[in-house]
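Welcome to this short tour! Please open the model in your viewer and get ready to select a few pieces, one after another.

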Amino acid sequence: MSAIEVSKLRKIYHGVTAVNDISFEVRDGEVFGLLGPNGAGKTTTVECIEGLRQPDGGTITVLGHTLNNGSMNGLKEQIGIQLQTTGLYPLHTVHELLTLFGSFYKHPVPPDDLIKMVSLEDKRDTRSKNLSGGQMQRLSLALALVNDPRLVFLDEPTTGLDPQSRRQIWNIVSDLKSQGKTVMMTTHYMEEAQALCDRVAVMDSGTIIALNSPQGLIAEHFETTAIEFEAQGDVSIETLKGLRGVEDAGRDGALVTLYTRDTPRTIEGLLDVAREGAFQFSDLRVRSATLEDVFLKLTGRRIRD
Amino acid sequence: MRSLAQLFIASVREFTRDITALFWTMAFPLFFIFIFGVIFSGDGEVSFDLGIVNQAGDAGQQLVDTFKSIEAFDVTTGTQEDELAALKDGDRSAVIVIPAEAADTLRLASRESGELPTGGGSESAAPQAALDVYYDPANTNTSQIVLNIVDKVVGGINQGITGVQPVVTLEQRTVTSTSLRNIDYLLPGVIAMSLMQLGLFGTAAPLVSLREKQVLRRMGATPLSRTTLLISQILFRLAIAAVQLVVIMGVGALAFDVHIEARNIPGIIGIAALGSTMFITLGYFLSGLAKTEEAVQGIVQLPNFVFMFLSGIFFPVDMMPSWLRPVVDAIPLSYLADALRKLMIDAGSYYSLTTSVLILSAWLLACGVLAVRFFKWEPQG
C-alpha cells in the first residue's frame, strides 16, 4: 500500500517550470527522501502534496485521498507538516505553542510527551524567540507530531544546523520510523539521505533523475570503489583513465577521484606513474562510492554548488 | 471552539508580552489626555462672548440676567449697531436682540415663573415673541453650541408660559450640562483616534508581520479553519478596543472630571464597537496592500495623518477651508468622533447620529469587500 502516489505532477511559477511531470510513490512505513540542490523543486513538490500549493497538472493521492482544489479536510488530521520555515508566535513558550497547536486537532498528544520526544525538557518554558536554531527545529518537529500523524513531512529538517543538532534530529526521525510512521523528507545533504532514507529520489531542475535505495543507487551507478588524492604537479586525466581497472576519473581542483573495479592494481599503477616523476600526490584515501558520487556522475556537478 | 479560545488567549499573551504594542495602544492615548488635560483643564472653560441688545426694557432684563448666569457665556450688552459691529470683528460669538415687541410676552413669563404653580389655561392667548439671534455662519461649530444653549433657555421660558414646569430649575439643569471645557471636547476625539490607530497600527502591521514571518502559513497547514483564525483576531482587537474605551473614559472621568452622560453608555459602546470594527476591517484591507513589514508602516501613516488632521478631532472643522469640506465629510473618523462627542458629553453635534451610523456602516461594508479581495495568507516579501 502506498502512503503517497504522485503522477505527472507539474507546477509552473511565472512561466518557469519548477516541477516537470514527476511521478513516484511513497510506501507505507518508509522514510522517503527527495534529494537535490537548492532550486531543484523539492519544496514545491512537497508543498503540493501537503495541499499548500495548487499543482498545474497531474494527480496526487495521499493516504487514499485524491487531492483536488485543495480539499484537505479530514486528511490534515492524519498528516504532520514541518515547513522549511516555521513561523511561530515569538513571545510564546515551547509548552504554550504545543498547547495552542494541539487545540487545532481532534486528538492532540499532551505537550509534555512531545517535549520529551524531542528532548526539550529544559526549554519547556522558554519563549520561542530565545531558542537556538537546533532547538527551534526540534520544536517545529514536535509541532509536526502534535496530532500523532500517520504521515510526516519534513522539509530540510537539518539545514543550517551544527553536527550535534543534526544528529539529534536524525535520532528523532529514526524513532518515527520505528513507530511505523511514514516520513517524506527533503534534504540537500547526501549523508543525511544515506543515513535516514529507505529510498531516495534524486531531483535536479524539476525532474527526478534517479530513484532507488541509497545502496541501490550507488550499486546501480558504481560497481566501483573511489580512490581519491590531492595531486600536485601536472597530471593528465587521460593518463589516469588508462590505468588498469579504472572505469572513470574526475578532477575537482587538486582533488582527483578515480573509480576502479580493481583497487590494488590501480594503486600499483598510480604509484608507477608518480615514480616516473610526472606528479606527486598526498592524502590518498580509498572509499566506496556515495550518493555524492552518484549526483556528480548524473549531473556533472557536486550537489552543494 | 477550543481552538478559537486558544487563539484568543494566544493573541492576548503575545500582546501583553509585547511592550511596544502595549505602549502604543494604551500608554500613548493616556499620554495625550494628560498633556491636553493639564494644558486645558484648569480654568480653561470654553466661554462664548454673547452680545445682548435689550430693547424690551425691564421685561427683557430678566432674560439678560438668565443669560449672564450661564457659565459658558460672557455677556455684554449694548446697542444693536455696536454689538453687530463687534460680531463682525469676531469679538462676539453671537448677538441676541430682544425686540420691544417681546416685552409683553416676557412680562407674562416672569409672572408665571414667580407665582407657580398656576395653570396656563387663561393665559394661553399670550402673544408670540421672537428673539433675533445673529451669528457668523462661517463659524458654525461655535454658533451651533451657542444656538443650542439659547434654544434651551428660551425653551425653558416657553414651558414656563404654558405652565408645565418652573422656569428657573429647568434652565439650571440645562446650563450645568452644557458647561463645556476643552478636555470634555477632546476626550471623545482621543477615544476615536485610539480606536482608529488600533485598526491601523494595531491590526494592519501585526497581520503583515504574522504573514511575512509565516505564522499564518504554519497555522494554515493544520486543520484550523481560516474563518476561526480571522474571528479570533477580530475578537481580540475588539477586546483591546473595549479596554481602551474603559481606560480612557475612566481616566477622563476620574482625573479630569469629564462629565460623561451615563444614560448614553449603551450608545457609546455601540458606536465604539461599530467604529472599531470598521477600522479593524480597514486594517485587514491595508495589510493586503503591503508586501513587507516596512511597507505597511508607511501605508498606514497615510490614513493616520489624513484622518487625524482632517476629521476635526483636535480642531474644529470650521477652521479648514470650505473646499476641504467634502474630504472632511468623507472621513469616517469625523463621524465616529462626532457621534462619541454627542453621546458622551451631550455636545452639539455636527452630523446626526443616524448619519454617523450610516456612514460608518458604509465604510465598514466597503472595507469588508476590499479586505476579502486583497487579504493575503502567503508571504509576499
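Domain bounds here come from an automatic or database domain assignment. Select chain A, where that assignment gives domain 1 (2-212) and domain 2 (223-288). The C-alpha centres of domain 1 of chain A and domain 2 of chain A lie 41 Å apart.

A note before moving on: this is a predicted model, in which local features need pLDDT of at least 70, side-chain atom pairs count only at pLDDT 80 or more, and totals for chains, interfaces and linings use all residues. Residues are numbered from 1 along each chain as its sequence is written, while chains are lettered from A and ligands numbered from 1 in the order in which they are written.

Next, show both chains. Residues are in contact if their C-beta atoms, placed from the backbone, lie within 7 Å. Chain A brings 19 residues to the contact and chain B brings 17 residues. On the side of chain A that touches chain B, helix α2 (residues 94-102) of chain A gives the most, with three residues.

Now select helix α10 (residues 226-255) of chain B and helix α11 (residues 265-289) of chain B: their axes come within 10 Å and cross at roughly 130°. Axes are lines fitted to C-alpha atoms, for helices over the stretch in contact, and angles run from 0 to 180 degrees between N-to-C directions. Finally, show the side chains where they meet: Ile234(B), Arg237(B), Leu238(B), Ala241(B) and Leu245(B) of α10(B) face the contact with Ala272(B), Ala273(B), Ser276(B), Thr277(B) and Ile280(B) of α11(B).

Definitions and conventions: Two residues are in contact if their C-beta atoms, placed from the backbone, lie within 7 Å. Helices (H or I, at least four residues) and strands (E, at least two) are DSSP runs, numbered from the N terminus.
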